[in-house]
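Please open the structure in a viewer and keep the selection tool at hand.

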Amino acid sequence: MKKYVMALDQGTTSSRCILFDKAGHMKSVVQREFTQIYPKPGWVEHDPLEIWSSQLSVAVEAMGKIGAAIDEIAAIGITNQRETTICFSRKTGKPVYNAIVWQCRRTADTIEKLKEEGFDKVIREKTGLVPDAYFSGTKIKWILDNVEGAREMAQAGDLLFGTVDTWLIWNLTKGKVFVTDYTNASRTMLFDIHKRDWDDEILNKLEIPRSMLPQVKPSSCIYGYTDESVIGGEIPIAGAAGDQQAALFGQCCFDAGEAKNTYGTGCFLLMNTGDKAVASDNGLLTTIAASTEGEIRYALEGSVFVAGAAIQWLRDELRMIKSAPQSQEYAMEVEDTNGVYVVPAFTGLGAPYWNPYARGTIVGLSRGAKKEHFIRATLESLAYQTQDVLEAMEKDSGIKLKNLRVDGGASANDFLMQFQADIMNKEVLRPECIETTALGAAYLAGIATGFWKDKEDIRKNWFLEKTFLPFMSQEERKKKLKGWKRAVNCAIAYASDCTEEEE
Ligand SMILES: Nc1ncnc2c1ncn2[C@@H]1O[C@H](COP(=O)(O)OP(=O)(O)O)[C@@H](O)[C@H]1O
Ligand SMILES: O=P(O)(O)OC[C@H](O)CO
């Protein structure tokens, strides 16, 4: 009997496997952090083989933990850190270079050149994206231009490109299936989101052969089956979506105007815009949302590059806290930040500023500034960044959000959620399951295989855990937001005459 759907959630800092039952409850969870590689300031890489081995091991352990048999797994849904770029050989399956992670800024100069040539308009219109080093396109070009033998391999048809979903499916099927889904394709900066096809004009401009690219399919359909030798049986791989689109689906934001914010490594606010691709005038992205087979949904997205990662920085580099949850205890020991603002622009600023050269900035220090103020200011920066994208989203969509659904690791932080409600002057709704990224991937796979009937069937599984109501006075909000804007301006001013060589 089919009892579970397996979600493989390959995030920026950890690989996770969750087995969900029909009620959408987590029956088994195993998570493993893996190595972050920082070869130079602003550069970020992962080892693709470690991505794969960590993901496979958590899958096996999650089954073992509850004694789940292969034939009890109805389907596998995959969700992943998006944009991260892996190039590997069709013949051997071996990567030719490390995965270049979405956060990596190494191709900022290529983007500048594209802009100077006026090509940004083409990118914007076709892909819905703001040209940026964030997306896969210029990362693939970097590998072709810089890794010895890569271009020759590509010309000979042996080099393949995949985002992490493609890489995992390739390995799960032992090289039999080379696919991606619409949501992941829409983050490459190579995909025409209106025609739903790879775009030859952009491919030619970046000198990327089409033969490197995977077939693009809906987010909810059977892509193939796991190879028996990999996981001990043949399980249908029936769902795939970029993690932010999966979370939008997992939060049951199926209709136009519904939105969620995920607090993971970064922070990503997405609003479903129905079957219309809404172009942004305010620094947001237009992207494809996950949907069931046969329908197309778009979303507006505000991408913040550093959110929970700033809390990890407090823990790992500054060693101010021992664990991420401890940030809440320290933050609540003080009344406010004592005028301190932290702008965690470690890898530039994403939406709505799009400045690749901005860097982390701390302002407002006085002799009385304590560690607690500093920790509180870092937590508050997650909420301020969210407020910035929310403002842009309301302008672009013409919709005033009544409340915001939240999820992701850092949404467990009550202090942060309360401050978020206060600074937005809106209710924050936290569901019982904050692992909505994995849940969304499970839903997509479960619907494709009949484990769940349809969207209405899964809507019944969404339960509210806590509502955070706004209490802050209007005057206080305004004052704090003004201070934040000034701090962001400092982070940008620092970068204003920075060149690639100086980075
Ligand atoms: N209680 C907490 N307070 C603040 N931040 C937290 C808390 N718990 C986890 N985090 C942060 O959330 C992130 C992990 O969330 P997760 O959704 O697993 O991210 P990802 O999928 O990007 O790896 C980490 O960056 C961590 O620092
Ligand atoms: O790893 P996450 O959850 O922060 O998500 C990363 C995003 O997909 C990057 O676009």
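Predicted model: local features only at pLDDT ≥ 70, side-chain atom pairs only at ≥ 80, totals over all residues.

Residues are numbered from 1 along each chain as its sequence is written, chains are lettered from A and ligands numbered from 1 in the order in which they are written, and side-chain values use heavy atoms, with hydrogens and water left out.

**Annotated positions.** Select Thr12, Arg82, Glu83, Tyr134 and Asp243, where an unreviewed UniProt entry places the feature "binding site". Of these, Thr12 and Asp243 are included in the lining of the largest pocket. Such annotations may be inferred rather than shown by experiment; positions follow the numbering used here, and feature names are shortened.

**Thr12.** Centre the view on Thr12, in the loop between strand 1 (4–10) and strand 2 (14–20); strands (E, at least two residues) and helices (H or I, at least four) are DSSP runs numbered from the N terminus. Thr12 is buried, with a relative accessible area of 7% (buried means under 20%, with a 1.4 Å probe and protein chains only). Among the residues it touches, leaving out those up to four places away in sequence, are Phe34, His46, Trp102 and Thr265 (contact means heavy atoms within 4.5 Å).

**Arg82.** Beyond four places in sequence, its contacts include Tyr134 and Asp243. Display the side chains of Arg82 and Gln245, which make a polar contact of 3.2 Å (a pair of N or O atoms within 3.5 Å, one able to donate a hydrogen and the other to accept it; residues adjacent in sequence count only if both atoms are side-chain atoms).

**Largest pocket.** Select Tyr263, Gly264, Gly408, Gly409 and Ala410, which lie nearest the centre of the largest pocket among its 37 lining residues. A pocket is an open set of points on a 1 Å grid over the protein atoms alone, where a 1.4 Å probe fits, with protein on both sides within 12 Å along at least five of seven lines; lining residues have an atom within 4 Å of a point. Its volume is about 850 Å³, counted as the space filled by probe spheres set on points joined across faces, edges and corners. Helix 11 (308–316) supplies the largest share of the lining, five residues.

**Second largest pocket.** Finish at Tyr38, Ala309, Gln312, Glu317 and Phe346, nearest the centre of the second largest pocket. This pocket has a volume of about 580 Å³, and helix 11 again gives the most to the lining, with five residues.

Terms used:
Buried < 20%, exposed > 50% of the residue type's maximum accessible area, 1.4 Å probe, protein only.
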